[in-house]
Structures are given as C-alpha cells and as structure tokens.
Amino acid sequence: MRLHPRHAWDVTPGEAVALQKRLAADLVTDRPIDLSAVRLVAGVDVSVKEGRSQAAIVVSTFPEFRVVETVTAERPTPFPYIPGLLSFREGPVLEEAFRRLDTEPDVFLFDGMGTAHPRRIGIACHLGLWLERPTIGCGKTRLVGRNAPLPEEKGAHVPLVDRAETIGAVVRTRTGTHPLFISPGHLADIPSAVALVLACAPKFRLPEPIRQAHKAAGVFT
C-alpha cells in the first residue's frame, strides 16, 4: 500500500510533541464516511513483548467480517511508553506493516485514540495522515475529556468533551460492559465513526476488525 510519510520517527519526546502540534492542523475530522460505500474494513493493533513490537493489520469484508488479508511486522520497540505519544512508539512498526498490504481498505479502525487526545492527534489521526484514508480511533480507556452519564444498553452514546470542545463519543458497544471512546482519526467525523464502530461490533465489546487484529498481533514468532 502506498503511504504518505510526514517525518522520520527518530525523535525525542519534546520533538514528538512539537510534531503533533504541527500535524494536527492538517487533519480533516468533519468529513462523514460514506457507510454505504464501505466494503473493506481494516483493524489495526500493536502488541509489545520483551522490548519488541508486533503490528497486525487484518482486512475483512463489511458487514460480513470475512478476513481477506492479514499482515504483520515485528521490530524492536523504539520509543518509551509516554501517555499521549503512543504513535511514536507504534508508528514505525505500523508503517512497515502498512507497506505490506496488497488490499486497499476503505476504513481503518485503530486500537487507540483519534481526536480524543490532549493535542487532538492520537495514533488514528497521526497514521491517518500516512494512509490518506478514513481512520477511526477506538480507545478502551479514557485519555482525556468528560461525559454525561451513559445508559447501559448497547448503542447508547454521549459526547466526549474536553475544554468545551466535543472530541469524540463514549459508546456502549455491548449492554452492561465498559464503553469505548470513539473519535475520528482523519477523513472522518464523529457521527459516522460511531455508526461504523457500532456496525462492526455485532457481538462483542471490541469491533470485530480490532478483535481480529488483536489476535494476530499477539502471536509472536
């Protein structure tokens, strides 16, 4: 798959923050995804074990979730764990995996944040600029923001707000389970991101493409 890199990954934490602030201005986070045109959805995840990172991208049909391609890449973990700078830890191995893709997914779902991020550029945003395809962040835990009480039933969602700005949505993908924190990455908006995530989560808390990628990423050779 052809990528559009914006910078090298060998940076200090201070340089990483400066890059995030600059790149955030290039994001498009108010463009609805045409859900009727989505045929292939990719789940994206990275696992880290003993100083090595393995990325997995699993492309499946939508809405059947039949897997059509799985790619992985593994390399030493290059960056420390610093909240808000996940993309610099996982970006290099993800870039390698993306280059191995033969298919062209319509949308990418990331196990990580989009605009629900202190500087509004989580990993789904950052790598969305590399991909120039619609991307969505699906966070399992809150990084930033507040929300009103969320009903318990599947499909319930409320805005996620930080400093008077709506940065995503808190979404119940399964009745009685912890919600997900959904936000656009690039070339997407909040309503269509929420709608697609719910459509990709027919049975489980995690959207099916991310579940598939999580399994693949966790199998180290």
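What you're looking at is a predicted model: local features need pLDDT of at least 70, side-chain atom pairs count only at pLDDT 80 or more, and totals for chains, interfaces and linings use all residues. Residues are numbered from 1 along each chain as its sequence is written, and side-chain values use heavy atoms, with hydrogens and water left out.

Let's start with the cores. A nonpolar core here is a set of buried Ala, Val, Leu, Ile, Met, Phe, Trp, Tyr and Cys residues joined through side-chain atoms within 4.5 Å; buried means under 20% relative accessible area, exposed over 50%, and partly exposed in between, using a 1.4 Å probe and protein chains only. The largest core has 34 residues, and I57, L94, F98, F108 and F110 touch the most other members. Several elements give two or more residues to this core, including α1 (13-23), β2 (52-61), α2 (86-99), β4 (107-110) and α3 (123-131). The biggest giver is α3, with seven residues. (Helices are DSSP runs of H or I with at least four residues, strands are runs of E with at least two, and both are numbered from the N terminus.) There's also a second, separate core of 21 residues, with I33, V41, A193 and C200 among them.

Contact means heavy atoms within 4.5 Å, and, not counting residues up to four places away in sequence, F110 touches a set including V44, L94, F98, L127, C138 and I210.

Now for helix α1. Its buried residues are A16, L19, Q20 and L23. Down the axis of α1 they fall within an arc of 100°, so they line one face of the helix; the arc is that of the directions from the helix axis to the C-beta atoms. In general, an α-helix has 3.6 residues a turn, so residues three or four places apart point the same way. Among the things covering the buried residues of α1 are α2 and α3, while the face turned away from the buried side carries the exposed residues G14 and K21.

Next, the hairpin. Strands β6 (residues 157-162) and β7 run antiparallel and are joined by six bridges; two strands pair if DSSP finds at least two bridges between them. V158 has V170 in β7 as its bridge partner. Two residues sit between the strands, and R163 in the turn has a positive phi of about 50°. I167 lies in β7 (residues 165-171). Its C-alpha atom is 8.4 Å from that of P184, 17 residues apart along the chain.

R172 is found in the loop between β7 and β8 (180-186). A polar atom of the R172 side chain lies 3.1 Å from the backbone oxygen of P151. Leaving out residues up to four places away in sequence, R172 touches L150, E152, H178 and L198, among others.

Here's how some of these residues score on burial:

| Residue | Relative accessibility | Class |
|---|---|---|
| I167 | 1% | buried |
| C125 | 0% | buried |
| C138 | 1% | buried |
| R172 | 6% | buried |

Methods. A polar contact is a pair of N or O atoms within 3.5 Å; within protein, one must be able to donate a hydrogen and the other to accept it, and residues adjacent in sequence count only if both atoms are side-chain atoms.
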